[in-house]
Every structure is written in C-alpha cells, then in structure tokens.
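Subject: Model handover

Hello,

The sequence and coordinates are below, followed by notes on what was found. Please check the notes against your own copy.

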Amino acid sequence: MRPIISKIVQSLQPSATMAMAAKARELRAAGNTVYDLSLGEPDFNTPEHICRAANQAMQDGHTHYTPAAGIPELRKAVTDDYKARHGLEYEPTQVVVSSGAKHALHNVFAALLNPGDEVIIPAPYWVSYEAIVQLTGAKPVIVQTTQASNFKLTPQDLRNAITDKTKILLLCSPSNPTGSMYSADELRALADVVIEKDLLVVADEIYERLVYPGHKFASFATLRPELPERTMLINGVSKTYAMTGWRVGWSMTPPNVAKAITSLQSQEVSHPSSISQWAAVAAIAGPQDCVADMLGEFTKRREFVMKRIAEIPGLSCPEMGGAFYAYMNISEHLGRSYGGVKINDSTTWCLELLAQKKVATVMGSAFGTEGYARASFATSMENLEAAFEQIEEFVAK
Ligand code: PMP
Ligand code: GLU
C-alpha cells in the first residue's frame, strides 16, 4: 500500500510564520540581502548566565530522563514567580513543562476536547491556534474583532458566539499578531460571561513580560475567585528570555488537567530536554535585569515602527500595548498594481513585498483577517530602518 496521509493531517497547512521565515532564509542563502520581519523571535542571544546554567547542568550529569511533567525545581520556580508577580497561588504539581508553549497548548487542547466541541478564537489570532484545535477533531469558532475596538473581543461578541457545544474561550493578551492588550476590567467582563455560561478559558500569557510603558498586564486567573478552577494558563521562556530554540513552555491548570497532560506527555515525548529545563530554572529564578534590558530595546523599536507606519500614506496599525508585532492595515493598498503585478489580497502583497523589495512579513489571512500584514520588530533597529524604507518605496509604486 502507498502511504496516504490521514485526513486530519492532510487538511493541515504549514505554519505561515515558519513558512515566511523559511522563504526569507532561502532568499538570503541565494545571496540576497533580506530584511526579515517575519518571525516573532527575539534577535538577542540568550543571556550569558542562562547559557552557563545549561553548561553546568551537563557537567553535573543532568543529562538523563526527567519526570514527565518536568523537574520539580522548574515547576516550583514557575509557581513562585507567578505568586510573586501576580499573587496567584498554584501548586508546582499543577505545572506541566512542555517543549515550548506551542506544545503546552496542544497538550491542553488534546486533554480537554472531544470531536464536535467548539473553541471560540477571537481573530486576528496567532496562526497555530486554529490548527492545534483542528488536530483534536474539535471545531474552532472564529469571531472577528475590529481595528476600531483595538481587536478586542467584547462580552456581547462572546455571547453571540456561544452555542451548546462551546467548551473553551481562547484569549491571548498581549496579542500576537496585534499587540493589543485587554485591561483588567475588560477581562473581568469577559470572565463574567465565562462563569455564567460555564466555559473554560485557555489564557496564553506568553507575552506578559513584554508590556510597554503606560500599559498594564492582568493575569486572567487573578480576576475572579472562580477563575483558577476554569483557567488553563500558558506561558514559557521563549519570548521573555530570548530562548526560542531551547523549547521550554508550560501549562498551569487545575490538578486533574495537569494529571491528564502528564500522562499524555509521558506517552508522547516523555518531557522536554533536561538541559533546557535547567536553563529555564536559571532564567526564571535568576537575575531579571536581562528582561528589562531587552524590553528597553523593544520599546525603542516599537516607537520607531509606530512612527514609520504613521508616516507611510495608507498604512496604519493599532497601538501596541505589548508583544513585538505591528499589525499593519494595508487595505488601502490592495486592488493596485505593483511592478506590474495586480495585488488583491494580503498573501500576494506579502509575497510581492518579499520578491520585489526583499522584506519578509506575514500575511493577515494567516491570522484570520484579510487586509493586514504583520511586521515583527524583534529584529535590529538597522534592519527595521532598512525594511521600512523598502516598504515605503513599495507602496509608493
Ligand atoms: N503563543 C503565542 C501567542 C506565540 O506567539 C507563540 C510563538 N511561537 C507561542 C505561543 C509558542 O511559543 P513557544 O512554543 O516558542 O514557547
Ligand atoms: N510565535 C512566533 C510567530 O508568530 C514564532 C513562530 C511560530 O511559532 O509561529 O512568529
């Protein structure tokens, strides 16, 4: 028999963020100068003390299997940190450490969803949410938000989307791809609907440490006493400590979910790399100056990117409260020809921007909204300056 791919995997598209980054890499390998604003990955090296902890872990013989849910030291570091910064009381046994937050999300959805269950996902959403939900056989229910409301779901939007099959509301604040952040009051208003309708929430808080001056992050489970028992918190070290390649993220959930995820993970991947887990302990429990330093750099880049987008005719973006993305509204530039090519949608716009000007961004359609392109500013100021010169020339064509 010829190998035929399963229906569920056949329907899967490759991650658009990863695909655009791969295209940028290919062009660079072919000798082009490429301005890559595609991936949301800090350009900084992992701080020295974290790398040293990984070396030390190897020297100390931490090169064997660990418990499936992760090393106790890391699970405790995570709960201590959430308690210190957000006043949330979790037991280390509620933390399951996985190979990145992406894997933690997969674990949570796989542990909770049955085919036919519905998950409400506000759009624009991070590319992998829809695919990860689909992998479980459950149904992603996409709810559009608007730039006018800063891309935030309102309690009425949520009510309108709920059916008797709805099980989970997915929230990402600060948001990838828009950078918008819910205030504590906005989240509380959503939480009241969640409690009334007896839903669960997956709260992806991976950008919670990347919050800009004048904005304040609120951790979802802190907002009502009923929330910890119905919230699945997702976080990780990738963005905060420039540790994308180390693959460490986690979920913090009610105990029965943590137990189920631990069983799942023990059959699936055993656990994330032992060395990366020790490095993550050093990141979370060690000195935090590196976080402030990187945030300082991101703050300067965010100012620059907002200024440049405002200067370029026909482009706009919502103000970013956190994360490191600008979600550029390119709708005024669609329906035009660029260098002889008619561009009607965000995919063609991004592909032509890459082909003609060697600037890599990610099409809004991958995030569930047409008429936008996402530019990551997790890259050097020099790269940003050159990239926006190119974007300005492109749209002026
Ligand atoms: N959630 C969001 C919103 C993200 O942008 C990312 C970025 N990859 C992830 C989760 C996953 O991060 P990682 O797997 O590197 O921990
Ligand atoms: N989260 C980042 C992004 O959106 C990294 C790539 C990915 O995992 O999607 O670009």
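Threonine 253 is buried, at a relative accessible area of 0% (buried is under 20% relative accessible area, exposed over 50%, partly exposed in between, with a 1.4 Å probe and protein chains only). This residue sits in the loop between β8 (249–252) and α9 (255–268); helices (H or I, at least four residues) and strands (E, at least two) are DSSP runs numbered from the N terminus. A polar atom of the threonine 253 side chain lies 3.1 Å from the backbone nitrogen of alanine 258. Leaving aside residues up to four places away in sequence, threonine 253 touches Tyr90, Gln94, Val108, Thr231, Met232, Ala258 and Ile261 (contact means heavy atoms within 4.5 Å).

On provenance: this is a predicted model, in which local features need pLDDT of at least 70 and side-chain atom pairs count only at pLDDT 80 or more, while totals for chains, interfaces and linings use all residues. Residues are numbered from 1 along each chain as its sequence is written, chains are lettered from A and ligands numbered from 1 in the order in which they are written, and side-chain values use heavy atoms, with hydrogens and water left out.

Next, the strands. β3 (residues 118–123) and β4 (residues 139–144) run parallel and are joined by six bridges (two strands pair if DSSP finds at least two bridges between them). Proline 122 stands opposite valine 143 in β4. Between β3 and β4 the chain passes through helix α6 (residues 127–135), in a right-handed β-α-β crossover (right-handed: with the strands pointing away from the viewer, the path from the first strand over the helix to the second runs clockwise).

β3 also runs parallel to β5, with three bridges; valine 119 has isoleucine 168 of β5 as its bridge partner. Strand β5 (residues 166–172) has six of its seven residues buried. Five bridges pair β5 with β6 (residues 200–204), again in the parallel sense, and cysteine 172 is partnered by aspartate 204 in β6. With helix α8 (residues 184–196), β5 and β6 make a right-handed β-α-β unit.

Last, helix α3 (residues 48–59). Which of its residues are buried? They are Ile50, Ala53, Ala54 and Ala57. Seen down the axis of α3, these fall within an arc of 100°, so they line one face of the helix (the arc is that of the directions from the helix axis to the C-beta atoms). They pack against α10 (274–285). Glu48 and Gln59, on the other side of α3, are exposed. Glycine 61 follows α3 and has a positive phi, near 85°.

Regards

Methods: A polar contact is a pair of N or O atoms within 3.5 Å; within protein, one must be able to donate a hydrogen and the other to accept it, and residues adjacent in sequence count only if both atoms are side-chain atoms.
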